[in-house]
Amino acid sequence: SDTSITSNSSSTLVLERDGVNVLNILKPNGTAGILSFSGNSTNADGRITYDDSSSRAMEFWTASSERVRIDSSGRLLVGTSSGSGSGMLIVQGGAGTPTADAVMVLRRGNNNPVSGSQGLGQIRFEDLSGGYGAQISALSDGSWSTTTDCPTALLFSTTADGASSPTERLRIRSNGAWGLNG
């Protein structure tokens, strides 16, 4: 044991070992292994489940409901426990409303933009090495003062044959005007 590690005396279970620690949940084949988090009056309010029956999926639960699943194909499923197609990310429904429109949020990491052309978010289309051939970008199209004044432009960019980075091809401004490039 590493003598520089101090055990927390309020912990119920402490795993300590020089090197890698492994907590292994052994169970019969075709059943689920569950790590459960419960309060005094709740039963499994939060849990992590690995089900090796037919689904062979890793499930993440909060407030007694499944929220996220990684299926046997490695797909990340949010708001649903099954999916079809080739997508690696499937988002279904909105927060608290599984039958509503799917919503994904890309949130800027700092304060509101104070001037035009400040980045809000991007979706990039890349190859395995990180080279990207296209992107969709959202930029501020003026100063944002509050959540009720958020002028934004969308830019669509593609990479030409023989080039190594995308060039803007279409911009839709906050006033609805648009321009083509290329």
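**Conventions.** I number residues from 1 along each chain as its sequence is written, and side-chain values use heavy atoms, without hydrogens and water. Because the model is predicted, local features need pLDDT of at least 70 and side-chain atom pairs count only at pLDDT 80 or more, while totals for chains, interfaces and linings use all residues.

**Entry 1: salt bridges.** I searched the whole structure and found six salt bridges (a side-chain nitrogen of Lys or Arg within 4 Å of a carboxyl oxygen of Asp or Glu). One of them joins Glu59 to Arg69, with the closest N and O atoms 3.0 Å apart. Glu59 lies in strand E3 (residues 57-62) and Arg69 in strand E4 (residues 65-70), so the pair ties together parts 10 residues apart in sequence. Strands are DSSP runs of at least two residues, numbered from the N terminus.

I then checked burial (buried is under 20% relative accessible area, exposed over 50%, partly exposed in between; 1.4 Å probe, protein chains only). Glu59 is buried at 7%, and Arg69 is buried at 10%.

**Entry 2: a second partner.** Arg69 also forms a salt bridge with Glu66, the closest N and O atoms being 2.7 Å apart. Glu66 is partly exposed, at 24%.

**Entry 3: Asp141 and Arg173.** I noted a salt bridge between Asp141 and Arg173, with 2.8 Å between the closest N and O atoms. The two residues are 32 residues apart and link distant parts of the chain. Asp141 is buried at 17%, whereas Arg173 is partly exposed at 39%.

**Entry 4: Leu89.** I located Leu89 in strand E6 (residues 89-91). Leu89 counts as partly exposed, at 45% relative accessibility.

Key: Helices (H or I, at least four residues) and strands (E, at least two) are DSSP runs, numbered from the N terminus.
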